[in-house]
Amino acid sequence: MAQFPGATAQRSSVALKHGAHHLGKRMDAQMEIWRNYGLGQFIHWGLYAIPGGHWKGKYYPGAAEWIRSWNGMPNEDYDNLYKQFNPQHFDAKAWAAQAKAMGARYVIITTKHHDGFCIWPSKYTNYTIANTPYKKDALKEIVDAYGAVGIDVYLYFSIIDWNHNGYRSAPAKTAQEKEAYEEFKLFTANQLKELLTKYPSTKGLWFDGTWDKAWIAEAAFTDSLETELRAMHPGLIIGSRFRADENGNRHFDTNGDIMGDYEQGWERKLPKTIADVHGNDWDCVMTVPENQWGYHSEWRGHVKTSTELIEMMAHSVALDGNFVLNFGPDGQGSVRPEEAKLAKEIGEWMNVNHEAIYDCAYAGLEKQDWGYITKSRKTGKYYMIVFNVPVSGALKIKIAPSAGVGKVYDLADSNKDYEPEEVHRSKAEGNEYLIHLKDRPVEPKVIVLECTDQDQDSGVLYEKAKT
Ligand code: EAT
C-alpha cells in the first residue's frame, strides 16, 4: 500500500494484519479536492424505480429500493422487471445540468444495488441493462455527462447481491456453500475491476451492504482487494464502509484507526460537535423524505425543505464534512418535481453563497446559536451562515485572542458592511464581538468576516471578574 503524503505508518499498539492502511488524513491532491467539495448528489436508480413503492395497487411502507424483500411483491415479479426497463425520459445531460445548477461538485451513482441489477453492461452477469429494452449503457451516459460539466463521479456498489447464487449474508458452513461464496467473491472483485477499467474517470467507490457477517469474516480478502483496486487506480477514494479488520471491527479497526479515506457512517444523521468526527474527513448522505432512496411514488411523512437541507449542508461543512443529497429518479428516468424544485432552490442559494461552502472547513471558533461558521481553506475568510436571528438582532462571535475583526460584510452585497461592537477581550478565552444586523433576513444569510492580527496591548483591557 503506497503511503500518502502527510499520513504516517501503521500504528503498532495492537499488531493488526488487516487494520488501517495509514494514520491521519490523506493529504494528496485528489483527497484535497474531495475534502473541498462541500456539496454532492447521490442518485439511487435501478429496477425498483419501476414499481416505485407499489405493487398490484398495494403500498409498500419501506424504502422503495427494498421492495423485492416485501411479501407483497413476489420475487419472480421483481426479477422480471428488467424486461420492462426502458426509461424513455432518461437524459443524463439533463441530470448533470440540474446537479450543476444545484451546486453539486460530486455525484455518487448506484451502479448496482442489493437487487444485483447492473446499470452497466457487466460481462460477469446477464442481469444488466444490456438485456433490458433500453439496451444502452446508462452508467456510461451518466459518467460522461457529469464529467462534461465538471462534476466528479463516484460509484456506489452494493456487495449484497440478491441475484447471485453464491451470495449469502451469513458465513458459509458446508463445502458447497463455501465454494459458492468463493465464486461470489471472485465475481465481486471482477465487477469492481471492470468498473474501474470501463469508467477510468471514476474518482472513488462508495460501498454498501458490507455489514454482512459473511463479508466481515473476509478480512484478508477485502484487505487485498482494496490494495489491488488502489494500485490499479491511483488516487482512488474509498470510505470506511468497505471492510472489517481480522477482529471483525468495521469503520474503525481494533486500534480505533479509521479504515478507508473518510468516515462513511454519517447516513441520515449529523455529528453534533467537532469532537464527534475525531479529526477525520466524512460525508453525510441524506434523503429528502425520512428514509427513501430509490423512487417511491408516494412519499409519506415529513419531506425536507430546501432551507432545512441548506442548514444541514452548512452544519456539515462547519464540522469538516461534505453534504450529499439523494435523488431517486423514476422508472422513466425523470427526476420528480419535488426534487427538481429542491435542486433549483438550493442552486439559487448556492449561486449567491457558494463561497461559504466550497473549499470551506471547520473554523475553529465557538459554535453560536444563530447558525454555523465556516472558514475558507484557501483564503482564511470566515463565513457566518445565519439561520436563527436572535431577538436582540445581534450576532455574537468569538475570535482568537490574538486576532481582531477586519472587514465584515454581507456575502450577497459587499457594500453592506458592519461595524462590530467589541464586547469582551480575553487572552484566555478569545475576543467577543457583537454584529448588529441591519435587517431580519428571511433566508439563510451569510456574513463574511475577515480577521486581522492584533496587537494585544492596544485598546482597552479589562480585568476578569473575581468571584
Ligand atoms: O437501501 C439503502 C440505501 O442504499 C442506503 C445508502 N443503504 C441501503 C441500506 N441497506 C440496508 C439494509 C439494512 C438496513 C438499512 C439499510 N440501508
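I began with H278, which is exposed, with a relative accessible area of 59%. Exposed means over 50% relative accessible area, buried under 20%, and partly exposed in between, with a 1.4 Å probe and protein chains only. H278 sits in the loop between strand 8 and strand 9. Its phi is positive, about 50°, although H278 is not a glycine.

I then looked up H251, in the loop between strand 7 and strand 8. H251 also has a positive phi, near 65°, and is not glycine. H251 is buried, with a relative accessible area of 16%.

**Ground rules.** I noted that this is a predicted model, where local features need pLDDT of at least 70, side-chain atom pairs count only at pLDDT 80 or more, and totals for chains, interfaces and linings use all residues. Residues are numbered from 1 along each chain as its sequence is written, and side-chain values use heavy atoms, with hydrogens and water left out. Helices (H or I, at least four residues) and strands (E, at least two) are DSSP runs, numbered from the N terminus.

**R243.** Which loop holds R243? I found R243 in the loop between strand 7 and strand 8. At 3% relative accessibility, R243 is buried. I followed its side chain to the backbone oxygen of H18, at 2.8 Å. A polar atom of the R243 side chain also lies 2.8 Å from the backbone oxygen of G19. Both are polar contacts (N or O atoms within 3.5 Å; within protein, one must be able to donate a hydrogen and the other to accept it, and residues adjacent in sequence count only if both atoms are side-chain atoms). Setting aside neighbours within four places in sequence, R243 is in contact (heavy atoms within 4.5 Å) with residues including W215, D223, E226 and H251.

I traced an open sheet of eight strands, paired in parallel, in the order 7-6-5-4-1-10-9-8. Two strands pair if DSSP finds at least two bridges between them. Strand 7 (237–238) and strand 8 (263–267) stand at the edges with a single partner strand each, so one side of each has no neighbour in the sheet. Helix 3 (residues 92–102) packs on the sheet, touching strand 1 and strand 10 (321–327), and its direction makes about 150° with that of strand 1. Axes are lines fitted to C-alpha atoms, for helices over the stretch in contact, and angles run from 0 to 180 degrees between N-to-C directions. Helix 8 (residues 306–318) lies across strand 1, strand 9 (282–286) and strand 10.

Next I checked pairings. Strand 1 (residues 39–43) and strand 4 (residues 106–112) run parallel, joined by four bridges. F42 stands opposite I108. Six bridges join strand 4 to strand 5, and V107 stands opposite V153.

How many residues of strand 5 are buried? I counted seven of the seven in residues 152–158, so strand 5 is largely enclosed by the rest of the structure. D152, Y154, Y156 and S158 point one way from strand 5, while V153, L155 and F157 point the other way.

**D208.** I placed D208 in strand 6 (residues 204–208). D208 is buried, at 8% relative accessible area. Its side chain makes a polar contact of 2.9 Å with that of R241.

**Helix 4.** In helix 4 (residues 138–148) I listed A138, L139, I142, V143, A145 and Y146 as buried. These residues pack against strand 1, helix 3, strand 4, strand 5 and helix 5 (175–198). At the helix start, a side-chain oxygen of D137 reaches to within 3.0 Å of the backbone nitrogen of L139. Just after helix 4, G150 takes a positive phi of about 80°.

The largest nonpolar core has 98 residues, and L139, Y146, L205 and F323 have the most contacts inside it. This core takes at least three residues from each of domain 1 (36–217 + 262–359) and domain 2 (363–452). Another core, of 19 residues, lies apart from it, with I397 and L437 among its members. A nonpolar core is a set of buried Ala, Val, Leu, Ile, Met, Phe, Trp, Tyr and Cys residues joined through side-chain atoms within 4.5 Å. Domain bounds come from an automatic or database domain assignment. I noted 37 Å between the C-alpha centres of domain 1 and domain 2. Across the two, 16 residues of domain 1 are in contact with 16 residues of domain 2.
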